[in-house]
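Trainee: I have the sequence and the model open. Can we go through them with questions and answers?

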Protein chains: 2
Amino acid sequence: MAPNETLIYLDPDSELSLQAQIRQKLVDAIMLGTFPEGRRLPSSRKLSEQLGVARNTVVLAYQQLVDEGYLISRERSGLYVNEKVRQDRVGFEGAPPPERTLSPRWRERFKGRLTPDAEFSCPPNWQQYPYPFIEGQFDTSLYPVKEWREASRLALGVREINEWAGETGDADDPMLIEQIRTHILPRRGIQARPEEILVTVGTQQALYLAVQLLVNSKVPVAVEEPGYPEMRRLLARRGAPLVYQPVDEEGMLVDERLDDCQLIYVTPSHQTPTAVTMSMERRRALLEQASRQDALIIEDDFEFESNYLNAPHPALRSLDSEDRVIYMSCLSKVLSPGLRLGFMVAAPEVIREARKLRRLMVRHPPLNNQRTVAFFLSLGHYDTFLMHLHETFRERWIALRRALNYYMLFYAELAPAQGGSALWVRGPEDLDDTFVAKEAARRGILIEPVRHYYATDHAPRNCFRLGITGIPVERIREGVLQLRDLFHDLTANKTETFADARGEHLTGEALRAAVTDTTMICIIAYGDPCTIEICPDGDLVGIAGYSNEDRDSGQWWIANNRWHRRWSRWAWGETGVYDVRLDGDIIKLFDEDGWLIDRAILRRNRRDDAADNDDPGGDTELA
Amino acid sequence: MAPNETLIYLDPDSELSLQAQIRQKLVDAIMLGTFPEGRRLPSSRKLSEQLGVARNTVVLAYQQLVDEGYLISRERSGLYVNEKVRQDRVGFEGAPPPERTLSPRWRERFKGRLTPDAEFSCPPNWQQYPYPFIEGQFDTSLYPVKEWREASRLALGVREINEWAGETGDADDPMLIEQIRTHILPRRGIQARPEEILVTVGTQQALYLAVQLLVNSKVPVAVEEPGYPEMRRLLARRGAPLVYQPVDEEGMLVDERLDDCQLIYVTPSHQTPTAVTMSMERRRALLEQASRQDALIIEDDFEFESNYLNAPHPALRSLDSEDRVIYMSCLSKVLSPGLRLGFMVAAPEVIREARKLRRLMVRHPPLNNQRTVAFFLSLGHYDTFLMHLHETFRERWIALRRALNYYMLFYAELAPAQGGSALWVRGPEDLDDTFVAKEAARRGILIEPVRHYYATDHAPRNCFRLGITGIPVERIREGVLQLRDLFHDLTANKTETFADARGEHLTGEALRAAVTDTTMICIIAYGDPCTIEICPDGDLVGIAGYSNEDRDSGQWWIANNRWHRRWSRWAWGETGVYDVRLDGDIIKLFDEDGWLIDRAILRRNRRDDAADNDDPGGDTELA
């Protein structure tokens with residue numbers, strides 16, 4: 001058979017004539033598009049030889065197809081598929097058909113059928129939205145094109161091809177193992193021997209392998225609540241009894257609820273989905289508890305290099321002297337999810353069993369990619385690029401935090417994240433989160449409802465994650481502003497505005513007298529305290545954070561009966577112009593559109609020792 | 001943390017002093033090789049800052065390591081790892097430890113542990129053996145380096161990266177789907193819509209998915225006997241009752257033993273491991289039986305393009321009007337097993353479920369490889385390269401068949417293969433096949449025992465597969481000769497040689513009179529009949545095959561009391577020189593070393609109408 005020839009099989013037992021069979025097969029091929037556009041059909045002589053039929057049979061079949069418009073004849077050139085026929089066919093270009101109800105025929109065939117995903121799904125054209133606050137979407141503009149090409153070129157050397165092209169049974173590329181061992185793991189404090197490392201098709205495969213190996217319906221497993229839905233689904237397929245362990249600002253709780261668990265799944269670096277980093281104390285407590293009850297731990301370090309506020313914590317696996325921790329991570333955040341390259345680090349016994357199972361599943365992850373990534377690492381591109389990425393994401397994360405703090409103070413959800421790639425906001429109450437997400441998308445803003453991370457009924461109402469992996473830094477502020485406006489629009493009658501807020505509208509000298517030489521005490525987004533000293537000389541001194549780690553200075557003044565302030569860095573160094581109301585000891589600042597921007601306790605400064613016996617308790621609730 | 005810095009974590013609660021902890025972590029890093037060779041250690045000032053300890057603590061730890069020989073100090077340069085320490089350590093370079101007995105601790109952890117592979121395993125350095133008759137090993141000298149590089153380069157364009165690098169959920173590359181649909185499947189007679197195709201990490205994943213979806217302990221499944229061991233293993237893991245269905249020269253038998261099967265696994269193109277092609281009649285019977293009992297069929301078309309003697313048969317899926325066939329194939333035979341790229345074609349319902357499960361397993365096969373292969377296909381390289389590969393393998397296959405026919409007539413196993421990448425030989429009786437394979441390997445010949453393909457006790461004694469995918473054509477004849485010599489050596493006293501054979505040694509005129517104007521009737525390897533007419537004028541006319549499809553002519557003569565013959569093509573066109581014995585009507589030819597080369601019934605030609613009443617039955621057993 002010559003290349004590119006369609007195999008037409010004629011059935012001698014068919015009730016159709018040979019001519020009709022030829023015609024039928026050709027029509028199928030044309031309509032299904034298996035006969036590529038613009039290709040000339042074989043001559044009647046050639047096709048008749050190939051099929052072993054009389055030439056006239058083919059000639060007649062062809063003629064009929066021309067008559068019917070399937071084929072067109074071009075002079076001195078031959079017969080071609082008439083593209084019009086195909087274009088007329090609805091849905092030809094292979095749009096997947098809508099998910100139909102499964103016919104009974106198939107329903108009973110499928111064993112242990114997967115429940116449909118209740119999951120949020122990001123639109124495929126998310127990059128065309130102006131404000132894609134979507135976590136986990138890879139910003140291809142950050143892809144290290146030049147460096148990846150260099151690594152690819154090296155992996156395509158003849159000697160390299162000799163090493164990766166062959167059948168290796170179930171082995172990984174030793175060069176990649178060595179690079180992971182010496183280049184990636186030490187950054188997480190992990191020391192591993194080659195036989196403790198297995199390369200996987202993304203973290204997903206590492207999770208699948210671990211669950212298959214270690215879990216059945218008799219193994220109680222603890223998962224974080226909220227937590228990673230796909231892990232829950234994997235565990236549910238094995239019938240494991242699940243313990244949904246709550247998460248606080250130090251990560252997953254370690255308490256008696258874990259007592260019966262034989263396996264504990266955690267995401268300590270940045271908890272999925274809250275992005276909370278597990279504290280060192282909690283890490284140690286977890287390892288101790290696991291040791292007491294002889295449990296294993298799966299440490300999913302899917303996002304291991306994005307701590308923006310503090311030094312990174314060492315991985316659980318690096319603190320584990322009893323080989324209890326099965327560590328997994330991936331290169332998707334750095335080298336694109338499309339590559340699907342992850343790895344697992346565990347006791348050699350676990351790796352050996354996982355390798356056997358991996359062999360049955362896929363044999364091994366593609367070796368050309370393993371070698372290319374090995375070169376990418378060995379050339380030092382990984383380190384360079386990681387630094388670049390870290391810097392980029394840190395900038396975005398801080399921009400998002402700042403914008404939320406300014407525009408969305410009353411929507412920001414308390415979660416003491418130190419990094420990661422998402423922050424939380426709480427949308428307007430009493431609205432369906434799917435509806436809100438849809439409305440936001442209509443305005444070009446993509447946000448992710450968090451409900452699907454919860455297995456129990458404790459999902460907070462109408463919460464969203466705002467991710468930074470897909471949005472350029474210069475769009476973040478505007479995106480948050482637009483989202484705030486949407487929230488306001490959706491709750492038009494309920495939000496406090498200048499017009500309907502309680503408290504006396506301060507103007508002129510009353511305003512000056514009320515604010516001069518005072519301190520505003522407020523809580524900024526994510527629960528950090530903040531004090532702003534309003535000095536008599538027009539200076540502002542701002543101190544934020546639990547350790548006073550964030551400081552700024554600025555000026556304030558009054559003009560047109562409005563309070564003005566300008567920070568050097570905070571609020572983008574721009575001048576803010578506010579109408580002010582004072583409600584007891586609560587000062588409220590409204591922007592020019594009447595939206596509430598800030599709310600704080602106002603205290604007269606101590607140095608003048610004036611009477612100052614307001615009760616700071618009572619009605620000073622802030623969030 | 002600067003790139004490439006090892007994370008050292010000091011435990012404040014440790015009983016070790018800070019200095020001892022630093023020392024310990026550094027020794028670990030040095031001995032495990034996580035601290036790369038030739039890298040300077042951080043200065044004591046830098047490390048003390050990083051760890052938050054007094055500088056002197058680090059200085060003292062360093063000093064001790066220098067004293068102990070772990071570090072060496074180079075003047076004006078700093079401290080370095082002393083490479084000698086590492087070199088002295090046995091097995092440092094990460095040779096995997098021998099498979100130990102699993103400690104009880106792990107044994108009870110692993111659920112549904114995989115049994116160790118009883119499988120034959122090819123030595124990793126097989127390419128260094130002169131005669132690697134190993135099936136499935138990829139001959140990297142055949143890799144389409146230039147074409148693959150071109151496709152890779154295209155897939156590394158910025159626009160392309162944008163398409164494959166991102167998170168796509170569970171979708172495949174639409175370009176690859178289109179290429180499989182229009183470029184690969186039509187060659188097998190299959191017409192498929194996009195929603196009927198799923199890309200997999202090799203055929204292995206397609207099998208895994210199908211088994212997970214369709215099989216549990218209540219689903220009886222038929223497999224071929226002998227058959228693919230990894231499929232048996234996959235099915236055994238699901239607890240499926242298995243029916244071991246025998247294979248004959250038309251492929252898997254279709255009979256009442258299949259009656260209760262809900263799923264039937266077949267390899268119709270070239271049966272694994274016999275390489276038999278399933279006949280059209282058998283294919284139709286199989287589909288009919290499946291239809292009658294509402295069973296599904298998995299068609300594993302792992303080797304779909306290697307029929308060397310006849311036109312290819314259409315795939316079962318192309319003959320299946322009831323959507324019962326789940327077709328799977330891969331690009332490993334063409335584009336190297338290292339790539340791990342396969343695909344599945346089935347009813348949209350099956351593909352949809354398989355996609356959900358694939359998502360949990362690996363999300364999707366790497367998209368950069370999907371796009372590269374799509375370009376490779378769309379550029380037409382696949383067709384060109386396939387033709388080249390087909391031609392190369394055909395040449396090797398025919399060379400192997402010819403050499404077996406000449407040297408190994410009495411060892412060749414009957415199996416009417418029309419293609420595929422392996423042929424069978426039966427080794428000497430009464431010897432352990434593992435022993436024979438090992439002895440062969442000592443002489444540089446790699447052959448694969450077939451026992452592990454059998455699930456039941458019916459494995460033929462001491463049979464081997466000789467594969468052609470890894471051996472250059474010019475080595476085949478010599479390899480077969482060497483293997484024959486090994487077989488002879490292993491059975492020194494049992495093989496018939498010239499010295500001890502029965503029958504009269506013919507010389508001079510007696511020899512001429514005996515052979516002139518006769519016909520030798522023999523059976524060549526693989527059961528095909530062959531007749532050789534020995535004409536009075538010194539001509540030879542040879543006709544072989546059931547349809548007399550293989551013909552050759554040559555000359556014969558007598559010199560030095562030996563019979564000489566030379567074919568135009570057969571026996572490489574070389575002159576064969578034989579001592580001849582006649583035992584009744586059986587003529588035996590021995591080569592110069594005394595080894596039996598040929599044995600045939602000798603008939604006087606009819607045209608002289610002479611008395612010719614020998615009984616051709618009785619002692620004329622040939623194989």
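Trainee: How many salt bridges are counted between domain 3 of chain A and domain 4 of chain A?

Mentor: This is a predicted model, where local features need pLDDT of at least 70, side-chain atom pairs count only at pLDDT 80 or more, and totals for chains, interfaces and linings use all residues. Residues are numbered from 1 along each chain as its sequence is written, chains are lettered from A and ligands numbered from 1 in the order in which they are written, and side-chain values use heavy atoms, with hydrogens and water left out. A salt bridge is a side-chain nitrogen of Lys or Arg within 4 Å of a carboxyl oxygen of Asp or Glu. Between domain 3 of chain A and domain 4 of chain A the count is two.

Trainee: Which residue forms a salt bridge with A:Asp591?

Mentor: The closest N and O atoms of the pair are 3.7 Å apart. The partner of A:Asp591 is A:Arg484.

Trainee: What area do domain 3 of chain A and domain 4 of chain A bury between them?

Mentor: The domain bounds, from an automatic or database domain assignment, are 385-490 for domain 3 and 504-612 for domain 4 of chain A. Buried area is the accessible area (1.4 Å probe) that two parts lose on being put together, summed over both. Carbon and sulfur atoms carry 59% of it here. The area for domain 3 and domain 4 of chain A is about 1,800 Å².

Trainee: Which residue stands opposite A:Phe343 of strand E11 in chain A?

Mentor: Strands (E, at least two residues) and helices (H or I, at least four) are DSSP runs, numbered from the N terminus. Two strands pair if DSSP finds at least two bridges between them, and four bridges join E4(A), residues 197-200, to E11(A) in an antiparallel run. The residue opposite A:Phe343 is A:Val199.

Trainee: Are the residues of E11(A) buried or exposed?

Mentor: Buried means under 20% relative accessible area, exposed over 50%, and partly exposed in between (1.4 Å probe, protein chains only). In a regular strand the side chains alternate between the two faces of the sheet. A:Gly342 and A:Met344 point one way and A:Phe343 and A:Val345 the other, and all are buried.
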